[in-house]
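Me: I have a model open on my screen and would like to learn how to read it. Can you take me through it feature by feature?

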Amino acid sequence: MLDLKVKKAVAAGAAGVVIVNDREGDMRGGLTGPQARVPVVGVRKQDGDLRGYAEIVASTMSERRVTRNLIVQTPQGRTDEVIMVGAHLDSVQEGPGINDNGSGSAAVLELALRMRQFQPDRAVRFVWWGAEELGLLGSKHYVESLSQQERENIGLYLNLDMIASPNSIYGIFDGDDSDRVGEGPGPRGSDEIERTFQAFYDSRGLPHTGVDFTGRSDYGPFIMAGIPAGGVFTGADAQKTAEQAAQFGGIPDKPLDPCYHLACDTIKNIHLVALDVNADAIAHAVAAYAFWDR
Ligand SMILES: [Zn+2]
């Protein structure tokens, strides 16, 4: 969105762009690349009355950097219906990103280590993505680099991005759009993945809720390519509703993750019970698909 605003302003002849936050608080956000050779800054709502003369001084740097995806796969199991499970390993510039997404990457790592004891019938491919926060760069590149055959050989993709938010909910991506909120359903099979996670929480006697299947994490490029996907999510900067507080406990009218994309997303910003439960949830889902019914 910011990219588009800047592009339009420059096309209209702007020598610089000041983006005024329409909400309370500091203006956060960034451009996904060098959009134009003009300075772009953001200001708070109360500083936004800029009629008259303004001088913008901005110091920016733009350079190419290398990012990597780390991909490992079980040596056993058929490779024409691969079960993929992934989490992004990068964080935003502002903070260490322990819930977003140390939580998801740690769960994938633990799962990969535990899988050494098993011989899956379908191969399991574990991925830690690079540069998710800069626009899903790692997962986009990965999916785009696959041949048609390689895409068809992926049975499904499971995504873990924020699974231990301090003011957690047990959210499951709404793969069948049964909630009729926001985006539509995922590719066929996404509905079944949602039910697999629902069955896990039900078996533990835990509440769960659907979360909109927006595609705004590393599963996005997979659903664009028609690959069924799903995952669990404990919430970002959205406020916990009274209804959610009644269902899950926690504090209403406070963000699900109060340190979302902030410097305070440290090891203290982890809900240990949610982390434990969701690590089991993903293990349950991978086991359900990687082994023949038994
Ligand atoms: Zn994330």
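**Reading the model, one feature at a time**

Reply: Under 20% counts as buried. Asp 177 sits in the loop between β7 and α5. Its phi is near 55°, a positive value in a residue other than glycine. Keep in mind that this is a predicted model.

Me: Asp 253 also has a positive phi. Is Asp 253 buried or exposed?

Reply: Look at the accessibility again. Over 50% counts as exposed. Asp 253 has 57% relative accessibility, so it counts as exposed. Its phi is near 60°. Asp 253 lies in the loop between α7 (242–248) and α8 (272–290).

Me: What is the peptide bond from Asp 100 to Asn 101 like?

Reply: Check omega. This peptide bond is cis, with omega near 10°. Asn 101 is found in helix α2.

Me: On to the sheet. In what order do the strands run?

Reply: The 7 strands form an open sheet in the order β3-β5-β4-β6-β9-β7-β8, and the pairing is mixed. β3 (70–73) and β8 (209–211) stand at the edges with a single partner strand each, so one side of each is left without a neighbour in the sheet. From one strand to the next, the twist averages 20°.

Me: Which way do the partners of β9 run?

Reply: Take the two pairings in turn. β6 and β9 pair in the parallel sense over 4 bridges. Asn 159 stands opposite Gly 231 in β9. β7 pairs with β9 (residues 229–233) in the antiparallel sense over 2 bridges. There, the bridge partner of Ile 172 is Val 232 in β9.

Me: Where do the side chains of a strand go?

Reply: In a regular strand they alternate between the two faces of the sheet. In β9, Ala 229, Gly 231 and Phe 233 point one way, Gly 230 and Val 232 the other, and all are buried. With 5 of its 5 residues buried, β9 is therefore largely enclosed by the rest of the structure.

Me: Which helices lie across the strands?

Reply: Look for contacts, then the angle. α2 lies across β4 (78–88), β5 (122–129) and β6, at about 145° to β4. Helix α3 (residues 137–145) lies across β3, β4, β5 and β6, running at about 140° to β5.

Me: How many aromatic pairs are there?

Reply: Ring centres within 6.5 Å make a pair. The count comes to 13 aromatic pairs. One of them is Tyr 157 with Phe 222, stacked at 4.2 Å centre to centre and 10° between the planes. Tyr 157 is in strand β6 and Phe 222 in helix α6 (residues 220–224), 65 residues apart. Tyr 157 is buried at 0% relative accessibility, and Phe 222 is buried with 0% as well. Ring pairs link Trp 129, Tyr 142, Tyr 157 and Phe 222 into a cluster.

Me: Last one. What does Asp 218 touch?

Reply: Set aside sequence neighbours up to four places away. Asp 218 then touches several residues, including His 88, Trp 129, Tyr 157 and Asn 159. Asp 218 belongs to the loop between β8 and α6. It counts as buried, at 0% relative accessibility. Asp 218 and Gly 138 are 80 residues apart in sequence and 8.1 Å apart in space, C-alpha to C-alpha.

Definitions and conventions:
Residues are numbered from 1 along each chain as its sequence is written. This is a predicted model: local features need pLDDT of at least 70, side-chain atom pairs count only at pLDDT 80 or more; totals for chains, interfaces and linings use all residues. Side-chain values use heavy atoms; hydrogens and water are left out. Two strands pair if DSSP finds at least two bridges between them. Axes are lines fitted to C-alpha atoms, for helices over the stretch in contact, and angles run from 0 to 180 degrees between N-to-C directions. Contact means heavy atoms within 4.5 Å. Buried means under 20% relative accessible area, exposed over 50%, partly exposed in between (1.4 Å probe, protein chains only). Rings of Phe, Tyr and Trp (its six-membered ring) pair if their centres lie within 6.5 Å; planes under 30 degrees apart count as stacked, over 60 as edge-to-face and the rest as tilted.
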